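Here are my notes on the model you sent.

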Amino acid sequence: MRQSWTDLHERWRDPLLTVLTILLALLMFVLAPLRAEKIPGAQEVGFALVALVTGAVLILSGKRFAIWALLAAILLAAIAAIHRLYQPSILDVYLDASAWLLISLALILEVGRAVFGPGRVTYHRVIGAVLLYLAIGLAFAALFAFIGAASDSAFSGFVVKDSTSLADVMIYFSFGALTGIGSGDITALHPAARSLVLVEAMIGQLYPATLLARIVTLEVEDRGRPPGT
């Protein structure tokens with residue numbers, strides 16, 4: 001049984017990086033806007049994609065932290081969904097933000113281990129480095145949601161509250177900071193939010209220029225080497 005799990009892990013570790021990138025991109029850039037527009041079924045599809053992400057990460061790592069973090073994230077999201085049906089409140093924002101943060105931390109740790117671990121640098125690992133970038137943006141989106149939930153005046157142009165558009169707006173604001181293009185219509189006012197914007201902006205500038213560029217260079221070098229060298 002253990003040998004079968006090891007074989008499965010070795011066979012699918014790198015391809016799963018590409019699969020996870022596609023799933024996370026769908027969650028953030030397709031499902032979140034659809035949920036914001038209150039498209040029927042968007043939330044259910046989102047839960048299904050999270051379940052797929054969980055399964056993929058388990059195969060990718062099998063580490064206890066990843067397992068418990070993702071299971072806790074699913075549980076928190078489910079509690080938020082049920083609580084929202086009967087007694088919606090700002091608690092739902094904290095629960096959802098906690099779920100996003102746990103998912104992103106599990107991805108950052110396990111994907112980082114797979115991308116920068118020993119072995120040949122493949123195309124899938126390059127895509128995995130992009131996945132790491134997306135996971136960083138998701139983690140900051142969760143942190144911004146926490147700050148906004150704690151203070152109504154944390155942002156100008158948007159008040160964090162339990163709504164179908166919250167995830168979409170926080171992702172929009174986070175990736176605006178990460179890529180350096182800004183969000184334009186939303187500005188951080190709270191000192192903690194401003195500090196996070198600066199940290200995220202620095203990561204967004206340094207990551208592609210250093211780690212991502214290095215991974216791409218190594219992939220090109222490994223592509224030209226004969227197998228087994």
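1. The count comes to three salt bridges, a salt bridge being a side-chain nitrogen of Lys or Arg within 4 Å of a carboxyl oxygen of Asp or Glu. This is a predicted model, in which local features need pLDDT of at least 70 and side-chain atom pairs count only at pLDDT 80 or more, while totals for chains, interfaces and linings use all residues. Residues are numbered from 1 along each chain as its sequence is written, and side-chain values use heavy atoms, with hydrogens and water left out.

2. Arginine 84 and aspartate 96 meet through their side chains in a salt bridge (2.6 Å, N to O). Because arginine 84 lies in helix α3 and aspartate 96 in helix α4 (residues 91–116), the pair ties together parts that are 12 residues apart in sequence. Helices (H or I, at least four residues) and strands (E, at least two) are DSSP runs, numbered from the N terminus. Aspartate 96 is buried, with a relative accessible area of 13%; buried means under 20% relative accessible area, exposed over 50%, and partly exposed in between (1.4 Å probe, protein chains only).

3. Aspartate 162 also forms a salt bridge with arginine 84 (2.9 Å, N to O). This pair links distant parts of the chain, 78 residues apart, with aspartate 162 in the loop between β1 and α6 (166–179) and arginine 84 in helix α3. Aspartate 162 is partly exposed, at 24% relative accessibility.

4. In the salt bridge of arginine 113 with glutamate 110, the closest N and O atoms are 2.5 Å apart. Both residues lie in helix α4, three residues apart, about one turn of the helix.

5. The axes of helix α2 (residues 42–60) and helix α3 (residues 64–86) come within 9 Å and cross at roughly 170 degrees. Axes are lines fitted to C-alpha atoms, for helices over the stretch in contact, with angles running from 0 to 180 degrees between N-to-C directions.

6. A search of the whole structure finds seven aromatic pairs, meaning rings of Phe, Tyr and Trp (its six-membered ring) with centres within 6.5 Å; planes under 30 degrees apart count as stacked, over 60 as edge-to-face and the rest as tilted. Phenylalanine 144 and phenylalanine 155 are edge-to-face, because their ring centres are 6.1 Å apart and their planes at 75 degrees. Both are buried.
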